[in-house]
Amino acid sequence: MSVGPAAAFLALWNGVAHADALPEYEVWHTFEHVPERVGSPGFVQGIRYRSVDGPVRYFTCYWLRSLDALTTPEYRALVDHPTPWSARMRSQLSGFLRLPCELGATIGVSSASRLATLHLEARTPQAAARLQTLLQRQVDGANLVCAHWGLCRPSDDHPLANPPLGGASGAASLVVLLQHGDLSALRHGTEALVRSLGPDFRTLGGPAYFEQLTQVRQSALQAPLSSRQPARGDLFHAFNPGDKTP
């Protein structure tokens, strides 16, 4: 599947600490947060996913022209000066993991609505080439519709810290995104891939399975991209009617 001008992606996993906050989270994330991020320079699109297995987890993938998109003044302003709604919802997030990645390769020309994610430690110099071969084999055999992998470039400049990742100090890690339209077929293809990884890799996270919820492309945004996307105070106050924040 082509991701257009994207040469990097930001992978984010999170849960919501309290089940009664899930309806508000869904509206905030769909209508304010993700469009706000996608409006930043260097962003291409954002895609939201929800887990198909319990407990409820979310995965968000932001496709970027390069990792420089995460260091622009405009993006830093979003992170450092959240909207009132974003400031409130940050306290509701749980199990937060944020991994910026340089895109290694995309295999496959189509896309699909079911997604599996893997986080791998590369234990040998040939690991990336080995992964490329294995993914190509799965797509060529119609076990997967599409696969992306990226080399992680973690940073510590975000207000929500990652948990300890468990990999060897200094070791490279890879995020793998696998797609298929059928969940059982996706599980089969992903499990076959995991069985074939061998000693070149150590699994740090996953596989975890998700369904696509929403997608926002920067080219579809209505507000001028020269300024921050408008906050959705109307929706914030619908969920928080007693809050006097403007």
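Colleague: Over how many bridges do strand 6 and strand 7 pair in the antiparallel sense?

Modeller: The model is predicted, with local features needing pLDDT of at least 70 and side-chain atom pairs counting only at pLDDT 80 or more, while totals for chains, interfaces and linings use all residues. Residues are numbered from 1 along each chain as its sequence is written, and side-chain values use heavy atoms, leaving out hydrogens and water. Strands (E, at least two residues) and helices (H or I, at least four) are DSSP runs numbered from the N terminus, and two strands pair if DSSP finds at least two bridges between them. His148 has Leu177 in strand 7 as its bridge partner, and the number of bridges in the antiparallel pairing of strand 6 with strand 7 is 6.

Colleague: Which residue in strand 6 is the bridge partner of Ile107?

Modeller: Strand 6 also pairs with strand 4 in the antiparallel sense, over 6 bridges. It is mostly covered, with 6 of its 7 residues buried, where buried means under 20% relative accessible area, exposed over 50% and partly exposed in between, for a 1.4 Å probe and protein chains only. The bridge partner of Ile107 in strand 6 is Ala147.

Colleague: In what order do the 8 strands of the closed barrel run?

Modeller: Strand 1 is joined to strand 3 by 7 bridges and runs antiparallel to it, and Phe9 stands opposite Trp63 in strand 3. Another 7 bridges join strand 2 to strand 3, again antiparallel, and these two strands form a hairpin with 6 residues between them. With antiparallel pairing, the 8 strands close into a barrel in the order 1-3-2-8-5-7-6-4.

Colleague: Which residues point the other way from Tyr58, Thr60, Tyr62 and Leu64 in strand 3?

Modeller: In a regular strand, side chains alternate between the two faces of the sheet. Strand 3 is largely enclosed by the rest of the structure, because 7 of its 7 residues are buried. Tyr58, Thr60, Tyr62 and Leu64 point one way, and the residues that point the other way, also buried, are Phe59, Cys61 and Trp63.

Colleague: At roughly what angle do the axes of helix 4 and helix 5 cross?

Modeller: Two packed helices are described by the angle between their axes and the distance between the axes. Here axes are lines fitted to C-alpha atoms, for helices over the stretch in contact, and angles run from 0 to 180 degrees between N-to-C directions, while contact itself means heavy atoms within 4.5 Å. Leu134, Leu135 and Gln138 in helix 4 meet Gly189, Ala192 and Leu193 in helix 5. The axes of helix 4 and helix 5 come within 11 Å, and they cross at roughly 150 degrees.

Colleague: How are helix 4 and helix 5 directed relative to each other?

Modeller: Angles under 35 degrees count as roughly parallel, over 145 as roughly antiparallel, 65 to 115 as roughly perpendicular and the rest as oblique. The crossing of helix 4 and helix 5 is roughly 150 degrees, and therefore the two helices are roughly antiparallel.

Colleague: Within what arc do the buried residues of helix 2 fall?

Modeller: In helix 2, which spans residues 73-80, the buried residues are Tyr75, Arg76, Leu78 and Val79. Seen down the helix axis they line one face, because they fall within an arc, taken from the directions from the helix axis to the C-beta atoms, of 155 degrees.

Colleague: What separates the C-alpha atoms of Val38 and Gln218?

Modeller: Val38 is found in helix 1, and it counts as buried because its relative accessibility is 0%. Beyond its neighbours within four places in sequence, Val38 is in contact with residues including Phe43, Tyr62, Gln218 and Leu221. Although Val38 and Gln218 are 180 residues apart along the chain, their C-alpha atoms are separated by 5.6 Å.
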